[in-house]
Amino acid sequence: LTFPLLSVTLLVSFGSSMLYGYNLAVVNSPAEHIKAFYNSTWSQRFGHGLAPGPLTLLYALTVSIFALGGLLGSLLVGALVERYGRNGALSRSALLVLLAGGFMGFSRELGSPEMVIIGRSITGLHSGGCFLGCICLSVVPLYLGEIAPKNLRGFLGLMPSIFICLGVFSAQVLGLPELLGKDRFWPLFLSVVVVPASLQLLLLHCFPESPRYLLIERNDICGATKALQWFLGTHDVQDVLEEMKQEQQSLSSMEMVSVWQLLRERSVRWQTLSVAVLNAGMQLSGIDAIWFYTNAIFENAGIPVSQIPYTTMGTGAIEVIAGLIGCLTIERVGRRPLLITGFCVMGVCSAGITISLLLQAALPWMRYVSVACVVGIIAGFCMGPAGVPFLMTAELFMQSHRPAAYIVGGSLNWLCNFTIGLIFPFLQMSAGAFCYLVFCGVCLLVALYVYLVIPETKNKTFMEISHIFA
């Protein structure tokens, strides 16, 4: 692992993936403050406050609009990475984050709940893909998967998932009452995202473009050679160049496929289905419900209100540790074991939450079982399902199919994210403790699919993986 490889991985993960994690959790602790702002603004405008139902719907929209922006952005992935390149797409992303931070930061001063919602949608646009070119959940793993040697592809590919966990943890720490968790600080809390985005904007232009992109899509052999030498820290890059040239030759008679062509192509049908199952499964597993509404879940479990922020922060620390475990073991144990184990742990813990909530009236200590199950869901997710699906999307397809595959996977990812963020409060009110059984079923079915269908891709070239599926 060379210093250039490590430095570019840390920069793009900090400036993009960490923002995704931060925005997942940032609306959790200031929920009551934001609702109070919405209610008071509504009262000033119309002379009466909002009823509980419409207020819950408006806040749920604020939470889930992040995913709707991500869905819109993910539809633009293919065209954007082809036009700007991986590095170029990422370097433009910070502009959107600065814009979003401005909307959210000045929303209370201007008495505009609409600015909070618009700012959230723009941060989603940045995370899923955007008009100016950044795709945090697509370009980051795509970029890292293309610059990494095959023996480090899993390790570097999971680094963004660690920074997603760090982003969640950062939001939980800054949301403590002693820091930015007070009523007067919530606009600043939402707009902290401008700090890592500014750092990425300043530094990313110092790093070269993806060698695989330069050679295969731009036919720039000289540029690809220099980029490889810089990333790998050696002048002997002939073997890597030859592997990339073989892939280029195999694609010489093929153009970049569209989403419609990808869905119709029989030769990659199982790869496409696998990407769809993994991306939809990781969001329908219930992890977004846990991240968006952690405080409400703990409150329903009977945890004292004064202890909830610190309990939430503890879960964030555990998810960072779980993410590190996954990152450090992926090249040893492979992709499939991490996915299967992660989804199974999440499924069992989802069922555990249901049981503990049903029994806590008779057994008060069951509230701590609920907390343990929430920790188990987060830890299981961060060990594998958090990052492996994005890594495998790059590994399962050749260069000509990869952008379209990210559009399919990203669209399903964000659509399911939006669905869970919007309906979970109402699902929780209507189904009570049994709502977690839905997530249990999804997790176990995805684990079964991975076991039966998806092969191991560790230490295999893109050509070898394509032949396995064929």
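Predicted model: local features only at pLDDT ≥ 70, side-chain atom pairs only at ≥ 80, totals over all residues.

A pair of aromatic rings is described by two quantities, the distance of the centres and the angle of the planes. Take phenylalanine 207 and tryptophan 230. Their ring centres lie 5.6 Å apart. Their planes meet at 80 degrees, over the 60 that edge-to-face requires, so the pair is edge-to-face. This pair links distant parts of the chain, 23 residues apart. Phenylalanine 207 sits in the loop between H10 and helix H11 (211–217). Tryptophan 230 belongs to helix H12 (residues 221–232).

How exposed are the two partners? Phenylalanine 207 has a relative accessible area of 16%, which is under the 20% limit, so phenylalanine 207 is buried. Tryptophan 230 has 35%, between the limits of 20% and 50%, and therefore counts as partly exposed.

Tryptophan 230 also pairs with phenylalanine 231. That pair is edge-to-face too, with 5.3 Å centre to centre and 80 degrees between the planes. Phenylalanine 231 is buried, at a relative accessible area of 0%. Elsewhere, one aromatic cluster is formed by Phe37, Tyr38 and Trp186.

Now turn to threonine 9. Its place is in helix H1 (residues 3–25). Is threonine 9 buried or exposed? Its relative accessibility is 0%, so threonine 9 counts as buried. What does its side chain meet? A polar atom of the threonine 9 side chain lies 2.7 Å from the backbone oxygen of leucine 5. Leaving out residues up to four places away in sequence, threonine 9 touches Leu144, Leu156 and Met159.

Next, look at helix H10 (residues 194–203). Its buried residues are Pro196, Ala197 and Gln200. Seen down the axis of H10, these buried residues fall within an arc of 100 degrees, so they line one face of the helix. Which residues are exposed on the face turned away from the buried side of H10? They are Val195 and Leu202.

Finally, step back to the whole protein. The protein holds 24 helices and zero strands. Of its 470 residues, 60% are buried. Take the contacts between residues at least 6 apart in sequence: 82% of them join residues at least 24 apart. The accessible surface comes to about 17800 Å². Carbon and sulfur atoms account for 68% of that surface.

Note on methods
Residues numbered from 1 in each chain as written. Heavy atoms only, no water. Helix = DSSP H or I, 4+ residues; strand = E, 2+ residues; numbered from the N terminus. Buried < 20%, exposed > 50% of the residue type's maximum accessible area, 1.4 Å probe, protein only. Contact = heavy atoms within 4.5 Å. Areas by Shrake-Rupley, 256 points an atom, 1.4 Å probe, with all protein chains shown as cover. Arc of directions from axis to C-beta. Polar contact = N/O pair within 3.5 Å; in protein donor to acceptor, adjacent residues only side chain to side chain. Phe/Tyr/Trp six-rings, centres within 6.5 Å; stacked < 30°, edge-to-face > 60°.
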